[in-house]
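Subject: Structure for your review

Dear colleague,

Please find below the sequence and structure that I am handing over to you. My account of what was found follows directly after.

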Amino acid sequence: MAAAAALAAADPPPAMPQAAGAGRPTARRDFYWLRSFLAGGIAGCCAKTTIAPLDRVKVLLQAHNHHYKHLGVFSTLRAVPQKEGYLGLYKGNGAMMIRIFPYGAIQFMAFEHYKTLITTKLGVSGHVHRLMAGSMAGMTAVICTYPLDMVRVRLAFQVKGEHTYTGIIHAFKTIYAKEGGFLGFYRGLMPTILGMAPYAGVSFFTFGTLKSVGLSHAPTLLGRPSSDNPNVLVLKTHINLFCGGVAGAIAQTISYPFDVTRRRMQLGASLPEFEKCLTMRDTMKYVYGHHGIRKGLYRGLSLNYIRCIPSQAVAFTTYELMKQFFHLN
């Protein structure tokens, strides 16, 4: 999520100028959202694939999988290939790819729409509109793609030799048949929304603020002209990495307890304490009571910090290449 939120945090590039009678610029302008969809989707998929092993370990640690609950982050990274092979580090990544492509596109488009709406209808501008629009865009993207995230988590939690689901389609059919139909795909939605509001909002706000302040005060030191449009100033790659990392770290710290709660509720009957974690309040109470704050509500947070740097590196590098390839600047 950090990659997608940070990618969408940047202000949209200006529209390509149209010469009188020229058809190609019109086509570029008409298909702007489609090209943005592809650019954000490709960047998100590349970033998530890069950190897929860390995502798998995070799910295992957050929900205290009995095979790995006594291990830490790095020991789990070593233990998973030994028990499940190296492909075990990428379990659930197929479902993640299906989810992250529309997630990034929806979040990006919703952010631009909400930002314009808030500015024009409510008269809110400056950095505050980024915070508000980012929170709303994040919640919109989560609601639209939540069933895919539910299935991805179920697949990632499985251990070799103890498979409940044989694949994405089977997971969808099983959850629908055994867990209350369509509503079964939205277990844990409330803590997700409550966590996404500050997470996406802070991500948009922090990244957008750092970017605008940096380009305003030190444009030559921190920025460079875009290769497909010299009139557009963009952050240098290593500065993008820094800004995205800071935004992701702050947002994760604030919203992480909601993320832990969401994961446990999503796993549902896969956990032995399923009946004690039916609501968000009960789940948080159970985790805090049995594991405390550091080993419960914030278990695996160090892994999220480790994920920020490679995730942002791949996401921003790929996105910048895609923006130039699709002439989005």
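A residue is called buried here when its relative accessible area is under 20%, and exposed when that area is over 50%. Please also bear in mind throughout that this is a predicted model.

Overall picture

The protein contains 14 helices and two strands. Of its 329 residues, 53% count as buried. The exposed surface comes to about 14,700 Å², and carbon and sulfur atoms supply 67% of that area. Among contacts between residues at least 6 apart in sequence, 74% join residues at least 24 apart.

Confidence

The average pLDDT of the protein is 79, and 88% of the residues score at least 70. Among the elements, helix α10 (residues 219-222) has the highest mean pLDDT, 91, whereas helix α1 (residues 2-9) has the lowest, 49. Two stretches call for a separate remark. The pLDDT is below 50 over residues 6-10, a stretch that has 23 contacts in the model beyond near neighbours in sequence. It is likewise below 50 over residues 12-27, where the model has 15 such contacts.

Helix α12

Helix α12 covers residues 280-291. From the first C-alpha to the last, its 12 residues reach 16 Å, close to the 16 Å expected at 1.5 Å a residue. Which residues of α12 are buried? They are T283, Y286 and V287. These residues lie on the same side of α12, because they cover an arc of only 95° around the axis.

Against what do the buried residues of α12 pack? Their partners are α11 (237-267) and α13 (293-297). After α12 comes G292, which has a positive phi, near 80°.

The helix α11 also contains R262. This arginine counts as buried because its relative accessible area is 4%, and the cut-off is under 20%. R262 and M280 are 18 residues apart in sequence, while their C-alpha atoms are 7.8 Å apart in space.

Helix α4 (residues 52-62) is largely enclosed by the rest of the structure, because 11 of its 11 residues are buried. H64 follows α4 and has a positive phi, near 55°.

T76 belongs to helix α5 (residues 73-84). Is T76 buried or exposed? It is buried, with a relative accessible area of 0%. Leaving aside neighbours within four places in sequence, T76 is in contact with V57, L60, L61, Y68, L71 and P81.

Residue F108

F108 lies in helix α6 (residues 93-122). With a relative accessibility of 8%, F108 counts as buried. How far apart are the C-alpha atoms of F108 and S36? They are separated by 8.1 Å, although the two residues are 72 residues apart along the chain.

The two strands

Strand β1 (residues 223-226) and strand β2 (residues 229-235) run antiparallel and are joined by four bridges. A hairpin of two residues connects β1 to β2. In this pairing, S226 has N229 in β2 as its bridge partner, and G223 stands opposite L235 in β2.

With kind regards

Key: Residues numbered from 1 in each chain as written. Predicted model: local features only at pLDDT ≥ 70, side-chain atom pairs only at ≥ 80, totals over all residues. Heavy atoms only, no water. Pairing = 2+ DSSP bridges. Expected span 1.5 Å × (residues − 1). Buried < 20%, exposed > 50% of the residue type's maximum accessible area, 1.4 Å probe, protein only. Arc of directions from axis to C-beta. Contact = heavy atoms within 4.5 Å. pLDDT = per-residue confidence, 0-100. Areas by Shrake-Rupley, 256 points an atom, 1.4 Å probe, with all protein chains shown as cover.
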